[in-house]
Structure formats: structure tokens, C-alpha cells
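Reader: Hey, got this one open on my screen. Can you walk me through a few spots in it?

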Amino acid sequence: MKSQAVSNAFTRKLQALKVSGQTFASLWEQLSLYLPLAMMALLAVGTYWLVRNTPAAYEAEAVRPVSHEVDYFMRRATVKTFDDAGRLKTEIFGTEARHFVDTETLEIDQARMRSTGPDGRLTTATANQALSNDAGSEVQLIGNAVVVREPMQNPDGSWLPRLEFTGEFLHVFMNEDRVKSHLPVVLKRGSDEFSGDTFDYDNLDQVADLKGRVKGLLIPRSSTSSAPPKTAR
């Protein structure tokens, strides 16, 4: 009797273990279906934590503002610009030239300039200093600035008189064929002479706009001549 009871108890335990094993296997099989998702979720959480808590290897360097410094210079400089057809438009000469990268300008000492317009008319200029943009389309003449447009004969035989602009500052717009200044300028047109506190000359319209204390001196002309007009120096 006693051995039979022991045997029955052992049998019940085996059956219980068998059921437990089957239950565990069933649970494991179900868990294994979701294990990849759980691993991916755990990896994502770990990555997020790592990114939030790990200091950056280096801080991105802030963009530095470009300073007004010379990036190159030339001595006995010559700067030439050409039109779309490859013809020489402007030459600027100087004892020294310095280029500034932030403003894209060229600063030239003891500047001398020669320019030929589409009509072939020669323009020359001199100044203690010139400031030109990289394209050469604008030139600022600073200190003892003089711009001269040489006389030229028209197809009908008449002459365009010599023009001379003198001042401490002249701003020359090459493409627009203009000269202007916010400072006093003396304009000589042939033998005539004008002066004003500000100045704006448009060669395309053949108009000179002088403002402020404007003065003028007109010299009577005797008659139209085929010779170049005389100029007052």
C-alpha cells in the first residue's frame, strides 16, 4: 500500500512536470514571435539614450565673418577688362594694388586709367587712389581725381569738345557711361567752365547735372570749324 501510494505520487509529479514543460514550450514559442520586435525596440531606446548622453566628438565651428583683409597684392599693377567680344575696354595702372575678398574690390595707389568707348572715344583718368570692383564696371577715384574725355570728330565732320572733370572724388560707372560725385567738381567743356557742390554727368544723354553753388563761365565761339576745338587749361 505504501509503495503504491509513493508510485502514484511520483506519477502525478511527472504528469505535472510534463504539463509545465508543455506550457513553458508554448509560452516560449509565443514569445519567440515577438522577440525580434522587442530586440529592435530595446536597440532603438539604447541608441536614443546613447545619443542624448554622449558628448559630441567636436562642436561644429561657427561660420566666421569674412574680415576686411588683403588676400593678395600686386606691385606695378596693371588691371585690364574686356568686353564680350574680347576687345580691351579698360586698363588701370598703379604703383601697388590690394584686393579685399569681403568687398570684392581692388584698391590701387597712384592710379591711371584708360578706357575706350563703343564709339572709339578715349577716356583717361588719374587719382591718388582708385577703388575698383572685380568686374571693373565701377571705379571710385579718390584724391586729386581727374577724368578727361578726349575730343572726337563726328561722322558729319563736327567735333565733340574735350571734357574734363576735376574733384577730390569721382565715381565712374563704365557700363552706364556716367560720372558722379557728392563733392564739389569742376567741369570743363572745351573753353567753357562750370562748377558745383555735387555733380552727375550722363554721357549717353549728354547731360551734366550740377547742384549747390553752381558757377559757369561761357566763352563765345567764333564759328563752327572742322578742326578740333581749343581747350582752356
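Reader: Where does aspartate 177 lie?
Author: Aspartate 177 sits in the loop between strand E8 (163-173) and strand E9 (178-181). Strands here are DSSP runs of at least two residues, numbered from the N terminus. This is a predicted model, where local features need pLDDT of at least 70, side-chain atom pairs count only at pLDDT 80 or more, and totals for chains, interfaces and linings use all residues. Residues are numbered from 1 along each chain as its sequence is written, and side-chain values use heavy atoms, with hydrogens and water left out.

Reader: OK, what's its phi, for aspartate 177?
Author: Positive, about 55°, although aspartate 177 is not a glycine.

Reader: And why does aspartate 177 count as partly exposed?
Author: Because its relative accessibility is 22%. Buried means under 20% relative accessible area, exposed over 50%, and partly exposed is in between (1.4 Å probe, protein chains only).

Reader: Switching over: what about the phi of glutamine 206?
Author: Glutamine 206 has a positive phi of about 55° and is not a glycine. Its place is the loop between strand E12 (198-202) and strand E13 (207-211). Glutamine 206 is partly exposed, at a relative accessible area of 44%.

Reader: New topic. Which strand is threonine 78 in?
Author: Strand E1, residues 70-82. Threonine 78 counts as partly exposed, at 40% relative accessibility.

Reader: What does threonine 78 touch?
Author: Ile92 and Phe93, leaving out residues up to four places away in sequence. Contact means heavy atoms within 4.5 Å.

Reader: And how far is threonine 78 from threonine 95?
Author: Their C-alpha atoms are separated by 9.0 Å, with the two residues 17 apart along the chain.

Definitions and conventions: Helices (H or I, at least four residues) and strands (E, at least two) are DSSP runs, numbered from the N terminus.
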